[in-house]
Amino acid sequence: MSKATLKKHLQAIEKEDIINLVLDLYTARKEAKDYLEYYLNPDEKGLLAKSKETINKEFFPAKGKRRARVSQCKKVIKHFASLWPTAEHLAELHLYYVDDLVRVACFAGYKWYKMQPKAVVAFRDALQHVQQHCLQVQARDAVDNIMRMALIYNDFFYEEMFDAYITAYDDHGTDPHSLARYLQQKFPRK
């Protein structure tokens, strides 16, 4: 059903029936409940903290074995994005996810090296979001931390991360506030 058809049907229904429909939807679907609760009380910082906690538990659980399910983390980010948060908070969540992913790929042992390509792709996606919304200055500290971890781990991983950055956003050094220029000064290529 298209939005136009839905709108046409909703206009034909009385106000009390629409209220009952929304209440039924609220009780029937968890996604609708989450959306309506966020719509009525938009606590973006609280939701961001909850999303970060969920991502962190995937990579660094308090108890039990590390699962590090990338698909689960992507679902958390997608759910957060579906509620239309500010671009800064969404960029912060993307970079937080990349930070945890890089920490696992770099420091969690031999079997986790398979996370490196996923970290590169996630880093590229996060940087594209940062560039799209002109958040380069706000993202510097997070990107600096991610690049430092990649450089500590090994040169090959750092090169891949830097190439992901250049692919996502490169102004060829023309913008004095660009991340490319900043990273080239801070972490010169060998």
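## Aromatic rings and helix contacts

The structure, which is a predicted model, holds two aromatic pairs, where rings of Phe, Tyr and Trp (its six-membered ring) pair if their centres lie within 6.5 Å. In the pair formed by F59 and F60, the ring centres are 6.5 Å apart and the planes stand at 50°, so this pair is tilted; planes under 30 degrees apart count as stacked, over 60 as edge-to-face and the rest as tilted. In the pair formed by F59 and Y97, the centres lie 6.3 Å apart and the planes are at 35°, so this pair is tilted. Because F59 lies in helix α4 (residues 44–59) and Y97 in helix α6, the pair ties together parts that are 38 residues apart in sequence. Through these ring pairs, F59, F60 and Y97 are linked into a cluster.

Over the chain, buried residues make up 37% of the 190 residues.

Residues are numbered from 1 along each chain as its sequence is written, and side-chain values use heavy atoms, with hydrogens and water left out. As the model is predicted, local features need pLDDT of at least 70 and side-chain atom pairs count only at pLDDT 80 or more, while totals for chains, interfaces and linings use all residues.

The secondary structure of the chain comes to ten helices and zero strands; helices (H or I, at least four residues) and strands (E, at least two) are DSSP runs, numbered from the N terminus. Helix α6 (residues 87–107) and helix α7 (residues 116–132) have axes that come within 9 Å and cross at roughly 160°, where axes are lines fitted to C-alpha atoms, for helices over the stretch in contact, and angles run from 0 to 180 degrees between N-to-C directions. That angle makes α6 roughly antiparallel to α7, since angles under 35 degrees count as roughly parallel, over 145 as roughly antiparallel, 65 to 115 as roughly perpendicular and the rest as oblique.

Among the residues of α6 that meet α7 are A87, L90, A91, H94 and Y97, and the α7 side includes A122, F123, A126 and H129. By class, this contact of α6 with α7 has 14 nonpolar, three polar and one charged residues, with Ala, Val, Leu, Ile, Met, Phe, Trp, Tyr, Cys and Pro counted as nonpolar, Asp, Glu, Lys and Arg as charged, and the others, Gly among them, as polar. H129, which has its place in helix α7, is buried, with a relative accessible area of 10%. Leaving aside its neighbours within four places in sequence, H129 is in contact (heavy atoms within 4.5 Å) with A87, L90, A91 and H94.

Definitions and conventions
Buried < 20%, exposed > 50% of the residue type's maximum accessible area, 1.4 Å probe, protein only.
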